[in-house]
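I am opening a notebook on this structure. Each entry says what I looked up and what I found.

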Number of protein chains: 2
Amino acid sequence: MARAWTLVNRPEALPESSDFALRDSELPPLGDGMVHVRNRWLSVDPYMRGRMNESKSYIPPFQLGEPMDGGAVGEIVESKADGFAAGDLVSHFAGWRDEAVLPAKGLTKLPDLGVQPQDFLGNLGVPGATAWFGLLDVAKAKEGDIVFVSAAAGAVGSAVVQIAKAKGMTVIGSAGGKEKCDFVRSLGADAAIDYRSGPIIKSLGEAAPDGIDVYFDNVGGDHLDAAFARARLHARFALCGMIAGYNSREPAQFRYMIRMIAMRVTMTGFLYGDYVSRLGEFYSEMGGLMASGKVKSHETVFEGLETMPDAFLGLFTGANTGKMLVKL
Amino acid sequence: MARAWTLVNRPEALPESSDFALRDSELPPLGDGMVHVRNRWLSVDPYMRGRMNESKSYIPPFQLGEPMDGGAVGEIVESKADGFAAGDLVSHFAGWRDEAVLPAKGLTKLPDLGVQPQDFLGNLGVPGATAWFGLLDVAKAKEGDIVFVSAAAGAVGSAVVQIAKAKGMTVIGSAGGKEKCDFVRSLGADAAIDYRSGPIIKSLGEAAPDGIDVYFDNVGGDHLDAAFARARLHARFALCGMIAGYNSREPAQFRYMIRMIAMRVTMTGFLYGDYVSRLGEFYSEMGGLMASGKVKSHETVFEGLETMPDAFLGLFTGANTGKMLVKL
C-alpha cells in the first residue's frame, strides 16, 4: 500500500495543515513500459501554491481528493521498461507520495555528474535551471552588471547569487532576518539586505548607490517597486515568481513603475518549462560550476512523508535556507 | 518684444492656470549662425507635466521664472545662418513663446512631404514617431496581432490605431466618452472602449475575447492592469506614458501583473529620443501612409499664445481629439 498527500480544501489565503490529508492508495499493476519507484527525496516549491487555486494557469490545478504531484527523486524497485533497472536513480514528477508505478517515459535517469541525488531537485533541477536561464537568458546579465535578487536565501535565489558571482557580476541579495542574510553573504553576495529591518527601497539604495542593471524577482510587491526605483538605464528584470502575492488578495502597489519609461527598463516573465530543450547546455555548464566548487548546494531537509505539508508551508514563513526538501 | 510662458509655481497635483505667467522678454541680437523665428504652431504634450516637477528625469525640469520650451513649428523672419532663409518653415524646441532668436543647429527644415506644417508636431513629429517605433520596434507588433492601445483618441494613440490598421492588425482603442470612441472607430479601430462607462478589465474582455498580443500604454493604472489580465502568450507591452499617474501621488495598483509570468509577457519602457537616428526611415514610411490616405491627421486647435496653459491643461481633462495644438 502506497501513501500520497491529497488536497482536501482549496485555501483562500495561507494554506493550513487541515487543507491536506495523507491517504493510502493501491498501486496499479506493473504493466509493460512501466516502473515501480520508491521516492527518496520530495520537492516543495512556491509555485505549488498557485496549483491549489481552482483557476487555470500554465500548469493545471491540483484536483481535490486526488494525489498531489511535484518534483521527486526516487529509486527504481522493479522495472518492466527498457533502459531502466532496479537500483537506478531517477527524477520524475510523482512527488507528494512515497511510492508510485509510472510510465517510464516520464522519468529521467540521473546523469552522472558526481553530485548528490537531491541536487537534481535543487541546483541541477528546476530551481537551478530557473536561476540559470532567468539570469543569463531572460535578463541577459553579463560580467560587470549589478544584479539584485530577492529571496536570495531560497532555492532559486541562492543559485542566482552563485551563478552571478561565478560570472563576474556584483550581487545584492535580499532575505528575511540576520541569519539568512549571513547565509546570502556566505554564498558570495557583495551585499545582503534584510527586508524585515526596514523599507527595501532604502536598503537597496544604500547597497546599490549606482543603481541596478538586473533584477531577478522572486517576490514582487515592495521588492519590485524598489527595483523600479533603482533601475539604471536599460535595466532588465526577469520575473520568476511573486511569492508576496501568492497568499494575498490585496493588489500590489507601485510608486516607481513609471521609471521604466525614463530608464527604458525591460521586464519579462518566464517559466522553467520554456527551457527544457536547453537542459543539456545547463547540465554541462552548471555541472562544471558545481564540480569546481563555484556553486555549492544548500538544503533545508524535513524528514518523513508526514512532514510534507509543514515543509511546504515553511516556504512562506521563511523556514528554508537554500532548497527545501523532504527526505523519505 | 517677444512673449513667453514661464512656470511660476511647481504644481503638486493637477496644475492650475495660476502656475503659469506670460512674460515679455527681450530677444537677443541676431548673431552669426542664428535665425529669428516667428512661431506658427506650438505643441502641448503630456510629458511636459513631468518637467513641472523638480525631480530630474530623462529631460530636465522647467526652471521657475525661465521661459518654458517644447515642440514648435515656425517661420524664419531673418537668418544669419547658412542654409536657412526668410520664409523657411522649421521645427524646433523653443515653444511656449511667440518669437525666438535661436542657433540654427537646433532647427530642422520641414521636409517636403506634401503635408501641413503642423503635421510635423503630430503624425510626422514626436507623437507619430513615438507611435511608429513603440508599436513596431518596441512591441514588435506584426500583421494579425491583436493590439490594445489606451488614450486612442490622443496624438500618439490615434497614430497607433491608424498605423496598426495599415499594417493588418486588429485594434482595440480606449478613450473617454462616446464622442471620442466614435472618433477612435472612425480611425479604423475594430472596437473602442469607453473607460468612463465601466471597469476596463470587463470591457476589454468583451472587446478582445481571445486576449491581446500587444498593449501600447499611454495611461498606466487600471488600463495596464486590464492588459495584464487579458495578455496572451508572449504578449508585448510598450510603455509610452502613464498619464493616469502624472498628477497623482497615489501608487498604481495591480491585481493581474502576476500573469506576466504564466504568459511570458515582456514589458518595455521607451522614449522617442532613442529613435532619432531612425527618423529617415520613419519619414519615408509614415509619409507614404499619409500620402496614400491610410493615416490622416486630426487636431484640436486652440488659438493664440494666451491659450497655451488651457490647451496644456486640456490634455488631462480630455479636451483634445487627436493632436492638441496652439495656433499663433
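**Entry 1: helices on the sheet**

I began with helix H6 (residues 221–230) of chain B, in what is a predicted model. Helix H6 of chain B lies across E8, E9, strand E11 (212–217) and strand E12 (231–239) of chain B. I noted its direction as about 165° to E11(B).

I then looked up the copy of this helix in chain A. How many of the 10 residues of helix H6 (residues 221–230) of chain A are buried? I found that 8 of the 10 are, so the helix is largely enclosed by the rest of the structure. I listed the buried residues of H6(A): Gly221(A), His223(A), Leu224(A), Asp225(A), Ala226(A), Ala227(A), Phe228(A) and Arg230(A).

**Entry 2: the sheet**

Next I traced the strand order. The sheet is open and has 12 strands, with mixed pairing. I wrote the order down as E10(A)-E9(A)-E8(A)-E11(A)-E12(A)-E14(A)-E14(B)-E12(B)-E11(B)-E8(B)-E9(B)-E10(B). Which strands are at the edges? They are strand E10 (191–194) of chain A and strand E10 (191–194) of chain B, each of which pairs on one side only. Neighbouring strands of the sheet are turned by 15° against each other on average, direction ignored.

I also noted that helix H5 (residues 200–207) of chain B packs on this sheet. Helix H5 of chain B touches strand E8 (146–149), strand E9 (170–175) and E10 of chain B, and its direction makes about 165° with that of E10(B).

**Entry 3: strands that cross from chain to chain**

A reminder to myself: strands of a sheet pair through backbone hydrogen bonds, either parallel or antiparallel. I looked up where chain A pairs with chain B.

Strand E14 (residues 266–269) of chain A is joined by 3 bridges to strand E14 (residues 266–269) of chain B, and the two run antiparallel. In this pair I found Thr266(A) opposite Thr268(B).

I found 3 bridges between E13(A) and strand E13 (residues 252–254) of chain B as well, again with the strands antiparallel. The bridge partner of Gln253(A) in E13(B) is Gln253(B).

**Entry 4: how the copies are related**

I superposed chain A on chain B: this takes a rotation of 180° with 0.0 Å of shift along its axis, and the RMSD is 0.0 Å. That is the relation of a two-fold axis. Which C-alpha of chain A is nearest the axis? I found that of Gln253(A), 2.3 Å from the axis.

**Entry 5: the contact between the chains**

I looked up the contact and found 27 residues of chain A against 26 residues of chain B. On the side of chain A, strand E13 (252–254), helix H8 (259–262) and E14 of chain A each give two or more residues. E14(A) has the largest share, 4 residues. By class, I noted 16 nonpolar, 8 polar and 3 charged residues on this side.

Of the interface residues of chain A, 96% are also interface residues in chain B, so the copies meet through the same surface.

**Entry 6: one residue, Arg264(B)**

I found Arg264(B) in the loop between helix H8 (259–262) and E14 of chain B. Is Arg264(B) buried or exposed? It has 21 C-beta neighbours inside 10 Å and so counts as buried.

Leaving aside neighbours within four places in sequence, I listed the contacts of Arg264(B): Gly269(A), Phe270(A), Leu271(A), Asp274(A), Leu233(B) and His234(B). Arg264(B) and Leu233(B) are 31 residues apart in sequence, but their C-alpha atoms are 6.2 Å apart in space.

**Entry 7: the domains of chain A**

The domain assignment gives chain A domain 1 (2–122 + 297–327) and domain 2 (127–273). I noted 28 Å between their C-alpha centres. Each domain of chain A puts 16 residues into the contact. On the domain 1 side, helix H1 (48–51) and strand E16 (323–327) of chain A each supply at least two residues. I counted that side by class as 7 nonpolar, 7 polar and 2 charged residues.

Last, I looked up strand E5 (residues 89–92) of chain B. Strand E4 (residues 72–79) of chain B pairs with E5 of chain B in the antiparallel sense over 4 bridges, and Gly74(B) stands opposite Val90(B). E5(B) is also joined by 2 bridges to strand E7 (residues 108–109) of chain B, antiparallel. There the bridge partner of Ser91(B) is Thr108(B).

Methods:
Residues are numbered from 1 along each chain as its sequence is written. Chains are lettered from A and ligands numbered from 1 in the order in which they are written. This is a predicted model: local features need pLDDT of at least 70, side-chain atom pairs count only at pLDDT 80 or more; totals for chains, interfaces and linings use all residues. Two strands pair if DSSP finds at least two bridges between them. Axes are lines fitted to C-alpha atoms, for helices over the stretch in contact, and angles run from 0 to 180 degrees between N-to-C directions. Two residues are in contact if their C-beta atoms, placed from the backbone, lie within 7 Å. Copies are superposed by least squares on the C-alpha atoms of residues with pLDDT of at least 70 in both. A residue is buried if 20 or more other C-beta atoms lie within 10 Å of its own, exposed if 12 or fewer, and partly exposed in between; C-beta atoms are placed from the backbone. Ala, Val, Leu, Ile, Met, Phe, Trp, Tyr, Cys and Pro count as nonpolar, Asp, Glu, Lys and Arg as charged, and the others, Gly among them, as polar. Domain bounds come from an automatic or database domain assignment.
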